[in-house]
Amino acid sequence: MSRNYVVAGYVSDRHLPELPKEELLKLTHMNIAFGHVREDRIETGHLQNLGLLPELKQEHPGLTVLLSVGGWSAGGFSEAASTEAGRQAMAESAIRAVTEYALDGIDLDWEYPCYAEAGIAASPDDKANFTLLLRTIREALDRQGQRDGRHYGLTIAAGADQYYIDGTEMAEVQRYLDFVQLMTYDMRGGFQTLTGHHTNLYTGTGDLFRISVDASVNLFVQAGVPKEKIVIGAAFYSRMWKDVPNINQGLYQMSPGPGGYGPEFTTLAAEYIDQNGFVRYWDEEAKAPYLFDGQTFISYDDEASIRCKCEYVKAQELAGVMFWEYGCDRTHRLLNALHQGLTEL
């Protein structure tokens, strides 16, 4: 029996006017990035193209459109979640956003409860308050849904590793969510000088960092999230390490600095993959491609790794796959691979 899998794309507000109809048809969910939290309320005034949504929704009634709130270094969550008044204010602003812009729900991208590494406020109380915040927003969306005769969605983007489990009450949190989107990218990069895959399906032999899509899924299942609510992440961009020793094609080697953001897939396809000295290698254990030119190591997703992720979703009976970010692939190859991988029998 076939089922409908989630194909969710994060789309920056600035890219909304550029979305071709044939591409929208390949998505089940679109997360518009990003609303912000200011003084306990979701703000959208800085977003330029939300006014396009009513017409877009009319043309694509099957597409679920959510406003994603937050992102790396976007604060305001800890403060809003810390009081009943703050949680109610944020829930009320969520209702205003969905009704004003013909949205289908809200996606919260708090990076991360209990952690201040992104330069945002954080508190140990975030762990319990995150649950209370989501419950308050869920209840408000349900009340509005009863008035409108429909269901409004609530999802989160979750950090992929143990730290996120430790900073949240996932068994309780998941009760209020339609699904949990695991950010199974950037699993290595900005904090690590050891090269490796940043969006790998499995962990390879010899990899000191044991996180992978599969490891992340297992962590969240053990933490109480049902498999059918788990959406795994794919990356439409790369991570890059420089001055890497020319050993083992650069894989699992120490470099002088951490892995910064590398080229988007558009540029990888045009200038890097088997071009300009870069050779594409395939890690059969990790089910992940990488590029190396003798000194620069690049980790990324391509059609082959995305197909493997789709097969994994089906085998594990997960909800689907999401990706960051639509504008990073002008070739449309990755979305095509994702769509085909989850819709073909």
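**Notes on the predicted model**

1. In β8, 6 of the 6 residues are buried, so the strand is largely enclosed by the rest of the structure. Ile230, Ile232 and Ala234 point one way from β8, while Val231, Gly233 and Ala235 point the other way, and all are buried.

2. Next, the neighbours of β8. Strand β7 (residues 179-183) pairs with β8 in the parallel sense over 2 bridges, and Gln181 has Val231 as its bridge partner in β8. With strand β14 (residues 320-324), β8 also runs parallel, joined by 5 bridges. Here Gly233 stands opposite Met322 in β14.

3. Which elements make a right-handed β-α-β unit with β8? They are β7 and helix α8 (residues 213-222), which together with β8 form that unit.

4. Do have a look at helix α10 (residues 303-316). This helix has 14 residues and spans 20 Å from its first C-alpha to its last, close to the 20 Å expected at 1.5 Å a residue. Its buried residues are Glu303, Ala304, Ser305, Ile306, Cys308, Lys309, Cys310, Tyr312 and Val313. As a reminder, an α-helix has 3.6 residues a turn, so residues three or four places apart point the same way.

5. Just after α10, Glu317 takes a positive phi of about 60°.

6. Is Lys57 buried or exposed? Lys57, found in helix α2 (residues 53-59), has a relative accessible area of 14%. Buried means under 20%, so Lys57 counts as buried. Leaving aside neighbours within four places in sequence, Lys57 is in contact with Leu63, Thr64, Val65, Ala102 and Asp104.

7. Two peptide bonds are worth checking in your viewer. The bond from Ala33 to Phe34 is cis, with omega near -10°, and Phe34 lies in strand β2 (residues 29-38). A cis peptide bond also joins Trp324 and Glu325, where omega is about 0°; Glu325 is in the loop between β14 and α11 (333-343).

8. Now for some backbone angles. Cys114 is a residue other than glycine with a positive phi, near 80°, and sits in the loop between β5 (105-109) and α5 (126-148). With a relative accessible area of 24%, Cys114 is partly exposed. His332 has a positive phi near 65° and belongs to the loop between β14 and α11. His332 is partly exposed as well, with a relative accessible area of 22%. For context, most residues other than glycine have a negative phi, and most peptide bonds are trans.

9. Finally, the overall picture. The secondary structure of the protein chain comes to 11 helices and 14 strands, and the C-alpha atoms fill a box of roughly 60 × 45 × 40 Å along the principal axes. A compact globule of 345 residues would have a radius of gyration near 20 Å, and the 20 Å of this chain agrees with that. Buried residues make up 58% of the 345 residues. Of the contacts between residues at least 6 apart in sequence, 70% join residues at least 24 apart.

Key: Residues are numbered from 1 along each chain as its sequence is written. This is a predicted model: local features need pLDDT of at least 70, side-chain atom pairs count only at pLDDT 80 or more; totals for chains, interfaces and linings use all residues. Side-chain values use heavy atoms; hydrogens and water are left out. Helices (H or I, at least four residues) and strands (E, at least two) are DSSP runs, numbered from the N terminus. The expected span of a helix is 1.5 Å times one less than its number of residues. Buried means under 20% relative accessible area, exposed over 50%, partly exposed in between (1.4 Å probe, protein chains only). Two strands pair if DSSP finds at least two bridges between them. A crossover is right-handed if, with the strands pointing away from the viewer, the path from the first strand over the helix to the second runs clockwise. The radius of gyration is taken over C-alpha atoms; the globule rule is 2.2 Å times the number of residues to the power 0.38. Contact means heavy atoms within 4.5 Å.
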